Amino acid sequence: MSIIQQGLFVLVLAGFGWLLFKRVKLISKLISLGKTSSKEVNKSEALSRTLLFAFGQKRMFEKPLVGILHFFIYAGFLLINLEVLEIVLDGVLGTHRVLAPFLGGLYPVLIGFFEFMAVAVLISCLVFLVRRNILKLDRFQSTEMTSWPKLDANLILIIEIVLVSAILFLGAADQSLQVLGSTGYTSTGPFYFSSFLMPVFSGAEEASIIIVERGLWWGHIIGILFFAVYVTYSKHLHIFLAFPNTYYSGSEPSGKIQNMPEITSEVQLMMGLSSEQQGNPPESFGAKDVFDLSRKSLMGAFSCTECGRCTEECPANQTGKKLSPRKIMMDTRDRLEEIGRNGKFERDEKTLIRDYISEEEILACTSCQACVQACPVQINPLEIILELRRYLVMEESKTPQEWTAMMTNIENNFAPWAFPSADRFKWANEFNKEQE
Amino acid sequence: MNNVKTAAELKAEGKEIEVLFWVGCAGSFDDRYKRVTQSIVRILKGIGTEFAVLGEEETCTGDPARRAGNEFLFQMQALSNIQVLNGYGVKKILTACPHCFNTIKNEYPELGGAYEVFHHSEFLQDLIEKGKLKLENGGEFKGKKITYHDSCYLGRANDIYEAPRDLLRSLDADLVEMERSRQKGFCCGAGGAQMFKDAEPGDREVNIERTDEALRTNSEVIASACPFCMTMLSDGVKNREQEDRVKVFDIAELIEKQQKKE
């Protein structure tokens, strides 16, 4: 019996592992469709940023209650995985609670601690479900929060609730079997939280408790493996990508716009500052599609967990304009996933601009960087908005009339307004007169 | 001699340019912001700080062009400005426009223009700290409610939140914060080249939203540190017909009123 279970377990593990591997490969391929950056990462800065913002979740604590609840889920996820390690060992080796004999009295303490985390995760997830579905917090209700993003968010919470509940009932069933002296159920001593659930099994026959215990054990581990694959399709991918995304986010001032060194030589030539074109000018300017964005931007799209802190602070969005920085990130990911499904990984009839993001949206941005400042995992929607604007202006010469006028003024009068440049120093004359 | 010297004049006199005051387009052409330019000049002259301006040789930094997506025009502006600045051997730049400040400080170095750049809030605060700029005690603003509006390009972009607030505190004013301030400060609506076009359709204007927030503090003065913010907030106050009760001033204008005359 045991050997069949072991074989089955290894098969299940390998099957989900293969699915996961395929998804990870696809996502990294999609991210690598973006442009590489020549900028070097300052490793020590990047590391401390990752520690502070990703591990330490600094920005999450700006909303303290949410910060704490989120921290429970995060810590619970990390710590309970230690128990999953034992479950996997048991599955492969055909053992039961293989670590208990080694850890002795420490074992029930550890399990008790994991169970505490499980309860904390459970409560946090319930609170989050209430916030989303009953209190209907504004930032979860914007137009881009259509059926799938809403369902995705709820599914994540529900799956987590089911998984941690399974752990607790599993503990209760195990302890009940220990009390009954069932073979194979090593005595470990009581587990603090799940022991409260033992009355559920009181009076039940040993055989049925064993069936329930086995069912929970298999259900739990398959649930975890399913969830691991599900995460790669979901906004929940932030649990992994938050780390590299923060690491690579760069430490330059948020008001600084990415330079385009590739056109400097051409500009110098136009201005007569040099007589030779160095290197080849780029084939296109700005971003029409995801291929033209940086890998950093594309990783950002996969790192976004759609929390809406950016959109909540966006002045355009908050005054009823169509722009939502969260939607910019979601659209970028949707476009990438579409390219992934098509399987060709090359340009097709669709583009990020217009098929996903409208001109109206990107024109509404004030470049105020509130979105950049708000993102807990250092995603930069502004970078994408500006690259799309560059495409519109430099490739299609499509700008609002007033902007065309502003640019003509800069070209002719060297100021964005239509004042003659000879009047630029008039303020000083007025000032000098005043002094006399 | 009270004339404002240009870099060309100083150069002709064989003098070094210690500080270049980058006036900016708004400071040169906008009637309201010209008054801020003049306030800064009076403050500097009052304490005998040597400075020069580029005068007619100054041109737009290229900020609105770059943010509207026209990188060619931006780089043309940047490269020609850098040529002029480097030609005069400029090392220190002072400006009253956070957009010029951000562009010259953060975006010019990659194109060959590396300078030490100061926004006037930092510059004036530093002069006060060093005891060079002295203020009268108990003046016009003592105990008056003043709220400060963070400019995005000063605050979030460059992490300057305290210098303008310190200046207001040095007026003994009652500094009151709006609901959203500092890192969470709400934009005036003009950045990213929005100053130069109408907003996209929505249910209200960004500047009205922000002005209402400022008005809710019941301050007599809304202090700003950016020409665009000043325009947007002044328009907002007018729109709400509160211009008799609430005034929009640049921090430099407030400081100048309290400057001790030597």
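How many salt bridges are there between chain B and chain A? The count is six, a salt bridge being a side-chain nitrogen of Lys or Arg within 4 Å of a carboxyl oxygen of Asp or Glu.

This is a predicted model, where local features need pLDDT of at least 70 and side-chain atom pairs count only at pLDDT 80 or more, while totals for chains, interfaces and linings use all residues. Residues are numbered from 1 along each chain as its sequence is written, chains are lettered from A in the order in which they are written, and side-chain values use heavy atoms, leaving out hydrogens and water.

**View 1. Here is where chain B meets chain A.** On chain B, 72 residues are in contact with 65 residues of chain A, contact meaning heavy atoms within 4.5 Å. Together the two chains bury about 6,200 Å² (accessible area, 1.4 Å probe, lost on being put together and summed over both). On the chain B side, F29(B), F72(B) and F196(B) lose the most area to chain A.

**View 2. Zoom in on K184(B) and E313(A), a salt-bridge pair.** Their closest N and O atoms sit 2.7 Å apart.

**View 3. Now for the largest cavity, with about 120 Å³ of space.** A cavity here is a set of points on a 1 Å grid over the protein atoms alone where a 1.4 Å probe fits but cannot get out, and lining residues have an atom within 4 Å of a point. The lining has 17 residues, with C25(B), P64(B), C97(B), C100(B) and F228(B) nearest the centre.

Definitions and conventions. On a 1 Å grid over the protein atoms alone, a cavity is a set of points where a 1.4 Å probe fits but cannot get out, and a pocket is an open set with protein on both sides within 12 Å along at least five of seven lines; lining residues have an atom within 4 Å of a point. Grid points are joined across faces, edges and corners, and a volume is the space filled by probe spheres set on the points.
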